[in-house]
Amino acid sequence: MKPYRRLASFLVASMLLLSMLLSACSKDSGELTKVRLGEVARTVFYAPQYVALANDYFKEEGLQVELQTTAGGDKTMTALLSNVIDIALVGAETSIYVYQQGSDDVVMNVAQLTQTDGTFLMSREKLDDFSWDDLKGSVFLGQRKGGMPQMAGEFTLKKHGIDPKKDLELIQNVDFANIASAFASGTGQFVQLFEPQASIFEQEGKGYVVASFGVESGKLPYTVYMAKSSYINKNKDTVQQFTNAIYKAQQWVEQHSAEETAALIMPYFKDADPAIVASAVKRYKEQGSYASDPTLDEQEWNHLLEVLDQAGELKQKVELHSIVDHSFAEQAKADVK
């Protein structure tokens, strides 16, 4: 071998060895990759996410997750598109809206957290024999137009023969963060609320849960982790590590009781009664709201399109593969034992 070839081979080998040593040193030093995560709401509905944080699953995967609450789907998507956050936990419908607008940087869904609607129908008065017909002629304090809670709610009402536009007075102009306080101050005879707020109102005698929109509207890819294609392409390892951590948490929730889950996530609900949080987790576990793995399946996706279409929000059918990347969820199921 000529001298310059031996030198070149030596340099290549040296560079590879140096790269391996630097990688090992970085891992040993505990350096973490920062991920800015925005959640659409702070709710017991997202219990597996808080389990991932509390059990340090993100840190195990080499990530430092900075969580912020960006109340409302529109605000959360705006934060994602403007690079205020890297990953969003928000309704899958928001990615469809962006796709329908013809974005050059497609927002991709990578991991599903919840698989049913998370709201409950509350009545101001105690109804021992509730019937959906009780809503006819009433004042109903609903959710934001075009958001999944409202669309799943209207889907359920129509399933029970109620026209939301004609058979009741539907209020939709209250900001997401203020719906509970509006009901508490006297607005509406019925309201659509997430936990733990529903259980808190029951404890305070301000309302009574009479039905579950999660049960009534069926399986949906309700809340999903998503990111812009540009971010995913540049940070594939980070997205994979993130998905692995979520899957670990989903398995933990699946294998532990509502009381154990509530105890673990209490730091994220400091002002709540532990019994209320446990009750809320139990409700969600019993109705199968928490996804047991991060894969978003086609049957759920098609049901989502049906709900959007019925609500008049679907301009065109959006194929699953267009804005859903299954590879991270499937790899997580292979990685995490």
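**Close-up views of a predicted model**

**View 1. An aromatic cluster.** Phe 45, Tyr 46, Phe 120, Phe 176, Phe 194, Tyr 222, Tyr 284 and Tyr 290 are joined into a cluster by ring pairs. Rings of Phe, Tyr and Trp (its six-membered ring) pair if their centres lie within 6.5 Å; planes under 30 degrees apart are stacked, over 60 edge-to-face, and the rest tilted. The count by this rule is 14 aromatic pairs. This is a predicted model, in which local features need pLDDT of at least 70 and side-chain atom pairs count only at pLDDT 80 or more, while totals for chains, interfaces and linings use all residues. Residues are numbered from 1 along each chain as its sequence is written, and side-chain values use heavy atoms, with hydrogens and water left out.

**View 2. Two ring pairs.** Phe 120 and Tyr 284 form a tilted pair, 5.7 Å centre to centre with 45° between the planes. The pair links distant parts of the chain: Phe 120 belongs to strand 5 (residues 119-123) and Tyr 284 to helix 13 (residues 274-286), 164 residues apart. Helices (H or I, at least four residues) and strands (E, at least two) are DSSP runs, numbered from the N terminus. Phe 120 and Tyr 284 are both buried. Buried means under 20% relative accessible area, exposed over 50%, and partly exposed in between (1.4 Å probe, protein chains only). Phe 130 and Trp 132 pair edge-to-face, because their ring centres are 5.4 Å apart and their planes stand at 70°. Trp 132 counts as buried, at 10% relative accessibility.

**View 3. Charges over rings.** Arg 283 has its charged end over the ring of Phe 120, 5.6 Å from the ring centre. The charged end of Arg 124 sits over the ring of Phe 183, at 4.0 Å from its centre. The rule asks for NZ of Lys or CZ of Arg within 6 Å of the ring centre and within 35 degrees of the ring normal.

**View 4. The largest pocket.** The largest pocket holds about 410 Å³ of space. A pocket is an open set of points on a 1 Å grid over the protein atoms alone, where a 1.4 Å probe fits, with protein on both sides within 12 Å along at least five of seven lines; lining residues have an atom within 4 Å of a point. Of the 19 lining residues, Ala 41, Arg 42, Phe 176, Phe 194 and Gln 197 are the closest to the centre. Helix 7 (179-184), strand 8 (190-194) and helix 8 (197-204) each contribute at least two residues to the lining.

**View 5. Strand 10 and its partners.** Strand 10 (residues 223-228) is largely enclosed by the rest of the structure, because six of its six residues are buried. Thr 223, Tyr 225 and Ala 227 point one way; Val 224, Met 226 and Lys 228 point the other way. Strand 3 (residues 87-91) runs antiparallel to strand 10, joined by four bridges. Val 90 stands opposite Val 224. Strand 4 (residues 107-114) also pairs with strand 10 in the antiparallel sense, over six bridges. There, Ala 111 has Tyr 225 as its bridge partner. Strands pair if DSSP finds at least two bridges between them.

View 6. The peptide bond from Glu 195 to Pro 196 is cis, with omega near 10°. Pro 196 lies in the loop between strand 8 and helix 8. Asp 56, a residue other than glycine, has a positive phi near 60°. Asp 56 sits in the loop between helix 2 (47-54) and helix 3 (57-60). Asn 83 is not a glycine either, yet has a positive phi of about 65°. Asn 83 is in the loop between helix 4 (73-81) and strand 3.

Technical notes. Grid points are joined across faces, edges and corners, and a volume is the space filled by probe spheres set on the points.
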